[in-house]
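Please keep the sequence and the 3D view open while you read.

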Amino acid sequence: MSNSGEGDSSRTATGQKRIYPSALELGPRKKPYILHPTKTTQDPLVHRGRHFGRAVHAFCNVPTLLTNGIVLLSEGGGDTLESLTVDERKEFAAFREFLRAVPGLESRLLASSSEEVVEIGELIQKGINGARADDTKGIKGAIIDWITPKGQSLSLHIPRNVKSGRGFNHECTGALLCPAGLDWTNIQTRTKLMNGEIQVPGDQWPVFLYADYSYDPEDPWNGLLCSGLLVAAYKHIFTSPSSVDQEPKATRSGNARIHGMRCMTKASIAYVAMQTRFSLTSAQVFSRTDLITDSERFYSSIMELLDDPDESDEVDQLITWWNRQIFPLYTTTE
């Protein structure tokens with residue numbers, strides 16, 4: 001993954017010089033957000049950005065995405081796809097997805113100066129970052145209820161608003177975060193995970209991703225991304241917190257309905273998995289570059305699997321399963 005500075009340049013497959021590296025490889029830099037005097041925090045692009053980060057791509061650098069997308073549009077857009085690299089195609093697909101979601105955005109971008117394109121990107125980025133922060137805060141306490149057996153209590157209490165006692169420091173969260181293939185009940189394994197002797201990179205997936213928290217080494221797809229914990233987190237973020245218990249009480253529409261989302265997206269599954277994983281860890285502050293939680297790598301590794309053409313049959317079955325859980329009125333004929 002590139003850590004090049006924003007001043008680096010590269011070329012597209014057709015030879016056009018880029019201002020930035022790939023937008024899907026370069027996460028947003030932390031910098032003060034400067035609001036344009038004529039814009040407000042209620043700008044529709046901020047609103048659209050909230051959904052984009054949840055359902056299309058969580059870690060892209062939006063100003064870069066827009067800049068590179070405009071270059072490809074000027075070169076013929078879809079007519080040049082055959083000449084693009086795999087990463088460039090993914091990036092352009094994300095760009096086109098956002099254009100479809102925001103009527104009039106394409107003509108606005110093409111008529112904008114480079115500075116105005118960056119400003120538009122920053123408004124969208126503001127929405128992405130804001131939604132992620134809200135979801136992180138919301139799940140932080142709710143997940144304690146989900147992992148506590150009904151009618152019981154955890155043997156060691158976990159405060160809803162304190163994370164220091166989570167992660168491998170706690171029996172329950174440690175068992176859920178234990179990498180698939182390792183045995184949490186093994187004292188040596190548990191001790192090494194707790195003291196950091198065993199480091200867990202983002203692409204080594206935890207057992208909570210699997211249905212019934214059970215990993216089958218003979219069939220790695222069995223139950224993958226189908227756990228009840230993921231379903232609860234997905235409902236909390238996309239439908240409403242009250243829908244987790246199948247007792248709709250919310251007076252406002254959930255995020256999915258607000259944004260016209262009627263079926264599952266691959267990115268939304270990866271996003272919910274990432275948020276769930278972070279809520280179980282002891283990390284206090286979400287950071288894409290945190291090498292302990294390694295959230296960006298975790299998210300990207302799930303997206304790579306779901307986008308792998310060789311896994312399309314299993315992915316289609318997974319998406320169908322998720323649609324039945326979240327969007328029961330959805331049919332494949334749509």
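Is the crossing of α5 and α10 left-handed or right-handed? The crossing of α5 and α10 is right-handed, a word used when the near helix is turned clockwise from the far one by less than a right angle.

## Basis of the model

This is a predicted model, in which local features need pLDDT of at least 70, side-chain atom pairs count only at pLDDT 80 or more, and totals for chains, interfaces and linings use all residues. Residues are numbered from 1 along each chain as its sequence is written, and side-chain values use heavy atoms, with hydrogens and water left out.

## Helix α5

Helix α5 covers residues 114-147, where a helix is a DSSP run of H or I with at least four residues, numbered from the N terminus. Its 34 residues reach 48 Å from the first C-alpha to the last, close to the expected 50 Å, which is 1.5 Å times one less than the number of residues. At K140, α5 bends by about 35 degrees, the angle between axes fitted to the seven residues ending there and the seven starting there.

## Helix α5 against α10

The axes of α5 and α10 are 9 Å apart, at an angle of about 65 degrees; axes are lines fitted to C-alpha atoms over the stretch in contact, and angles run from 0 to 180 degrees between N-to-C directions. The contact (heavy atoms within 4.5 Å) includes A131 and I139 of α5 and Y271 and M274 of α10.

## Helix α10 against α11

The axes of α10 (residues 266-280) and α11 (residues 295-306) come within 9 Å and cross at roughly 150 degrees. The two helices are therefore roughly antiparallel, a term for angles over 145 degrees.

Conventions: Parallel < 35°, antiparallel > 145°, perpendicular 65-115°, else oblique.
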